[in-house]
Amino acid sequence: MRWLTLYARSRQVPASLAAVLIGAVTVWALAPGGGEGSADPRLPVLVLATGAMAASIGLSGQDADLDRTAAIRWAPRRAAHVLLAAVIVGVVLLTVQTLGADMATAAFIVRDSAGLMGLAALGAAVAGGQYAWTLPFTWLAFSFFAPPATSAPMQVATWMVLPPGTAMGTWTALALGAAGTAVYAVVGPRR
């Protein structure tokens with residue numbers, strides 16, 4: 001087998017991809033009107049967060065000792081894993097949208113998938129791969145129930161549900177995506 005196949009299997013990529021697809025199709029099917037577009041950003045955020053949480057499970061390997069003793073550079077592979085997961089989560093939502101009306105714009109999807117995967121990567125570095133999903137889930141829960149964002153701190157806290165042209169939401173997602181990817185690439189998952 002090639003190293004990429006082994007890496008994907010050890011990181012549970014096939015199962016994560018299946019969970020991302022099933023989650024996106026399920027949320028789309030259960031949406032009011034069968035996925036017809038609406039102004040409420042919570043549905044696409046829910047799809048993206050579900051995908052990021054499913055992909056986050058594979059951010060740690062099966063054997064920490066084997067990962068530590070491997071004679072390969074992990075940092076580029078870890079960074080590529082996070083970035084590729086963000087792309088896949090976003091592409092799945094864009095693909096599901098072709099089944100019906102648009103739920104979100106491409107800019108919204110790119111921003112939120114990058115920020116959510118950065119949060120998941122940060123969660124893996126802080127709490128380990130098995131608990132990497134907790135950070136995106138907690139932030140998602142807060143964003144859903146927070147009051148409307150009128151101040152800058154509330155815009156940072158609710159960046160997931162802000163319109164795509166909002167500078168504070170874009171910068172927050174960019175910072176979370178870059179910081180989470182960098183920390184995870186250098187440090188790796190917590191053991």
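Read along the sequence, this protein follows the pattern α-α-α-α-α-α-α-α-α, with nine helices and zero strands, where helices (H or I, at least four residues) and strands (E, at least two) are DSSP runs numbered from the N terminus. The model is predicted, so that local features need pLDDT of at least 70 and side-chain atom pairs count only at pLDDT 80 or more, whereas totals for chains, interfaces and linings use all residues. Residues are numbered from 1 along each chain as its sequence is written, and side-chain values use heavy atoms, with hydrogens and water left out.

- Of the 191 residues in the protein, 42% are buried, meaning under 20% relative accessible area, with exposed set at over 50% and partly exposed in between (1.4 Å probe, protein chains only).
- Not counting residues up to four places away in sequence, Met117 touches Ala52, Ala55, Val82, Ala85 and Ala86, a contact being heavy atoms within 4.5 Å.

**Packing of α6 with α7**

- α6 and α7 (residues 134–145) pack at an angle of about 130 degrees with their axes 7 Å apart, the axes being lines fitted to C-alpha atoms, for helices over the stretch in contact, and the angles running from 0 to 180 degrees between N-to-C directions.
- α6 and α7 are therefore oblique to each other, since under 35 degrees counts as roughly parallel, over 145 as roughly antiparallel, 65 to 115 as roughly perpendicular and the rest as oblique.
- In this contact, Leu116, Leu119, Ala120, Leu122 and Gly123 of α6 meet Leu135, Pro136 and Trp139 of α7.

**Packing of α6 with α9**

- α6 and α9 pack at an angle of about 35 degrees, with their axes 7 Å apart.
- Residues of α6 including Arg111, Ala114 and Gly115 meet residues of α9, among them Gly169, Thr170 and Ala173.

**Arg190**

- Arg190 lies in the segment after α9 and is exposed, with a relative accessible area of 53%.
- The C-alpha atoms of Arg190 and Ala125 are separated by 5.1 Å, although these residues are 65 residues apart along the chain.
- Arg190 touches Ala124, Ala125, Val126, Ala127 and Gly128, not counting residues up to four places away in sequence.
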